Amino acid sequence: MNNVITIFQEKNIIAGSFPVAVDSLVVKTDVLAGDIIGISATNTFGKLDDATYTEAFGIAYEDALATTSCTVILSGEIANSFVNIAEGKELETKNLLRKISLFIK
């Protein structure tokens, strides 16, 4: 039997009591923790953009390289400071995420 070393890193990203759901997804693009994950027309996942991954799906909990697994937050109340939101698009992004039960506070 191999020993497994687990490192716990406190991120303090939960901002309320709304149920948090997560899933592990393979992303096709590099993502950073806090990036918004989008889904493509062919049901692949990557960083939300205007060309391929155009529909919001969740928020990356951790950094991940393309074609690797990434833990993605699918619902919950998340601290504004954790989410990578483009300057000038705060309201638009919060409204987009609200539709998929991600509430940015």
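Predicted model: local features only at pLDDT ≥ 70, side-chain atom pairs only at ≥ 80, totals over all residues.
Start with the aromatic rings. Searching the whole structure gives two aromatic pairs. One joins Phe 18 and Phe 103. Their ring centres lie 4.9 Å apart and their planes meet at 70°, so this pair is edge-to-face; the cut-off for that class is over 60 degrees. Phe 18 sits in the segment before β1, while Phe 103 belongs to strand β6 (residues 102-104). The pair therefore ties together parts that are 85 residues apart in sequence. Phe 18 is partly exposed, at 32% relative accessibility. Phe 103 is partly exposed as well, at 23%.

Now turn to Phe 45 and Phe 57. This aromatic pair is tilted, with 4.8 Å from centre to centre and 55° between the planes. Phe 45 lies in strand β3 (residues 45-47), and Phe 57 in strand β4 (residues 55-60). The two parts that the pair ties together are thus 12 residues apart in sequence. Phe 57 has 30% relative accessibility, so Phe 57 counts as partly exposed.

Ile 14, Val 20 and Val 22 make a nonpolar patch of about 250 Å². Val 20 is placed in the segment before β1 (21-27), the segment that also holds Phe 18. With a relative accessibility of 41%, Val 20 counts as partly exposed.

Terms used:
Residues numbered from 1 in each chain as written. Heavy atoms only, no water. Patch = residues over 30% accessible without salt bridge, like charges linked within 9 Å, V, L, I, M, F, W, Y side chains within 5 Å. Areas by Shrake-Rupley, 256 points an atom, 1.4 Å probe, with all protein chains shown as cover. Salt bridge = Lys/Arg side-chain N within 4 Å of Asp/Glu carboxyl O. Helix = DSSP H or I, 4+ residues; strand = E, 2+ residues; numbered from the N terminus. Buried < 20%, exposed > 50% of the residue type's maximum accessible area, 1.4 Å probe, protein only. Phe/Tyr/Trp six-rings, centres within 6.5 Å; stacked < 30°, edge-to-face > 60°.
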